[in-house]
Amino acid sequence: MPGHGIPVYPWRLAPDGLATRRQLRAAGLRPGGQDVVAQLERPRYRRDPLTAYLYRVDLAKPVRPMTPARAAALAKANTARRTCPACRADAGYVIPASLGRCVPCDYPEEQRVA
């Protein structure tokens, strides 16, 4: 379990050669199966600290390339997130999970007034 027996650094004070997942991704890398080697902690007022796990940059692997099949699956998933289950129309945006359907279907009375 991360946090037990690994070094903990204050926020923004990690040594060179270590990076978070987001930093690796920005550099076109991924952890590649390596274990967490350290963690950052950012204190917060009256709450538990934010934690970010660190990985070694020298052991990171390149991000896998996007294949046509992965691109098609991603496009299909995004289309499903934009399609309203009530009216089956493409809403033009990702439908919020809190609503469960597009805004015109969820608030029809407000759409008629405008």
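This is a predicted model: local features need pLDDT of at least 70, side-chain atom pairs count only at pLDDT 80 or more; totals for chains, interfaces and linings use all residues.
Residues are numbered from 1 along each chain as its sequence is written, and side-chain values use heavy atoms, without hydrogens and water.

**Overall build**

- The chain has four helices and six strands. Helices (H or I, at least four residues) and strands (E, at least two) are DSSP runs, numbered from the N terminus.
- Along the sequence, the pattern reads β-β-α-β-β-β-β-α-α-α.
- The radius of gyration is 21 Å, whereas a compact globule of 114 residues would have one near 13 Å. This radius is taken over C-alpha atoms, and the globule rule is 2.2 Å times the number of residues to the power 0.38.
- Along the principal axes, the C-alpha atoms fill a box of roughly 60 × 45 × 25 Å.

**Surface and contacts**

- Of the 114 residues, 18% count as buried. Buried means under 20% relative accessible area, exposed over 50%, and partly exposed in between (1.4 Å probe, protein chains only).
- The chain exposes about 8,700 Å², and carbon and sulfur atoms supply 55% of that area. Accessible areas come from the Shrake-Rupley method with a 1.4 Å probe; for residues, only the protein chains shown count as cover.
- Among contacts with a separation of 6 or more, 49% join residues 24 or more positions apart. Contact means heavy atoms within 4.5 Å.

**Arg44**

- Arg44 sits in strand E4 (residues 38-44).
- Arg44 has a relative accessible area of 31%, so this residue is partly exposed.
- A polar atom of the Arg44 side chain lies 2.9 Å from the backbone oxygen of Asp48.
- Not counting residues up to four places away in sequence, Arg44 touches Pro49 and Leu50.
- Pro68 is 24 residues from Arg44 along the chain, and their C-alpha atoms are separated by 43 Å.

**The loop between H2 and H3**

- Thr83 is in the loop between H2 and H3.
- Thr83 counts as buried because its relative accessible area is 19%.
- The side chain of Thr83 has a polar atom 2.7 Å from the backbone oxygen of Thr79.
- Thr83 touches Arg88, Ala89 and Ile95, leaving out residues up to four places away in sequence.
- Tyr93 lies in the loop between helix H2 (68-82) and helix H3 (103-106).
- Tyr93 is partly exposed, at a relative accessible area of 31%.

Terms used:
A polar contact is a pair of N or O atoms within 3.5 Å; within protein, one must be able to donate a hydrogen and the other to accept it, and residues adjacent in sequence count only if both atoms are side-chain atoms.
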